[in-house]
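The chain under discussion is shown first.

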Amino acid sequence: MKRRGSLPGGGDVSYPYFVVNGRMATAPATYTSKPGRRVRIRFVNAGCDTAFRVALGGHRMTVTHTDGYPVVPMTTDALLIGMGERYDVEVTLGDGAFPLVAMAEGKGGAGLAVVRTGTGRAPSATTRPAELRHHVLLGTDLRPTEAARLPEGDPDDQQELVLSGTMNPYRWTINGATYPDTRPITVRSGQRLRMRMTNMSMMFHPMHVHGHTFAVTDTGLRKDTVIVRPMETVTIDLDADNPGQWPTHCHNLYHAETGMMTMLSYRT
């Protein structure tokens, strides 16, 4: 079974509280159902600077969608969700009161909700289910369904995005420049563009393209936000089918604010 320790660079800023649907772990939201029911849970990481490792105590989750696109179902104990990513999972519920924990990756704190199908004491605010330490799935582990794949075709152009930065001074760059001085990614309507994103920093960067979805080249996985881990490269293919000027940036919004952004710019 694949296990992952805490991934480096899950976010720069520590916070006193982490919330699930606006509720702190000391006063969590409770969601009720019945034992044996199969339910769908949609996870949305709305944090600007925190990746979350998510698990439902006493259960395994089957991932069915990411960023709105169906995937070949994959079962896991926990799921790592980068800033801006969305995942749908299905779970068959047991009998009792179970902690749904969103642990802030690399930061120590966590958000909590409670799933209750029967009697039993509610989990405490400091509960950390064992599933968080078992099989942890990343979006790049998934494969698309055939219906979600881009049509067959070779790229018309390829562009390189080298992601880097420093903590002191706090400055995050694409190809050595900070926005608005970054060079735009230019494309013509109807082209297929390949973007090769190489992370030369020790933070991980959930990269997001506005106005489009893309396919991770190695697998065909459809997404609009993808984690590029430290010292790794992710290549994506994008069909230029929505003319305009579209921000392309790290979804750690502190990184975007201090420079890690450019524009996907259609040219005539």
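1. Basis of the note. This is a predicted model, in which local features need pLDDT of at least 70 and side-chain atom pairs count only at pLDDT 80 or more, while totals for chains, interfaces and linings use all residues. Residues are numbered from 1 along each chain as its sequence is written, and side-chain values use heavy atoms, with hydrogens and water left out.

2. Salt bridges in total. A salt bridge is taken as a side-chain nitrogen of Lys or Arg within 4 Å of a carboxyl oxygen of Asp or Glu. The count by this rule is 16.

3. Arg-60 and Asp-77. The closest N and O atoms of this salt bridge are 3.1 Å apart. Arg-60 is in the loop between β5 (52-56) and β6 (61-66), and Asp-77 is in the loop between β7 (69-76) and β8 (78-81), 17 residues apart. Buried means under 20% relative accessible area, exposed over 50%, and partly exposed in between (1.4 Å probe, protein chains only). Arg-60 is partly exposed at 39%, whereas Asp-77 is buried at 6%.

4. Asp-67 and Lys-223. Here the closest N and O atoms of the salt bridge lie 3.2 Å apart. The pair links Asp-67, in the loop between β6 and β7, with Lys-223 in strand β19 (residues 222-223), 156 residues apart. Both Asp-67 and Lys-223 are buried.

5. Arg-192 and Asp-239. This salt bridge has its closest N and O atoms 2.7 Å apart. Because Arg-192 lies in strand β16 (residues 192-199) and Asp-239 in strand β21, the pair ties together parts 47 residues apart in sequence. Arg-192 is buried, with 10% relative accessible area, and Asp-239 is partly exposed at 22%.

6. Strand β15 (residues 185-188). Strand β15 runs parallel to β23 (residues 261-267), joined by 4 bridges; two strands pair if DSSP finds at least two bridges between them. Arg-188 has Arg-267 as its bridge partner in β23.

7. Surface patch. Val-162, Met-200, Met-202 and Met-231 make a nonpolar patch of about 380 Å². Patches consist of residues with over 30% relative accessible area and no salt bridge, with like charges joined within 9 Å and nonpolar side chains (Val, Leu, Ile, Met, Phe, Trp, Tyr) within 5 Å. Accessible areas come from the Shrake-Rupley method with a 1.4 Å probe; for residues, only the protein chains shown count as cover. Met-231 is partly exposed at 47% relative accessibility.

Note on methods. Helix = DSSP H or I, 4+ residues; strand = E, 2+ residues; numbered from the N terminus.
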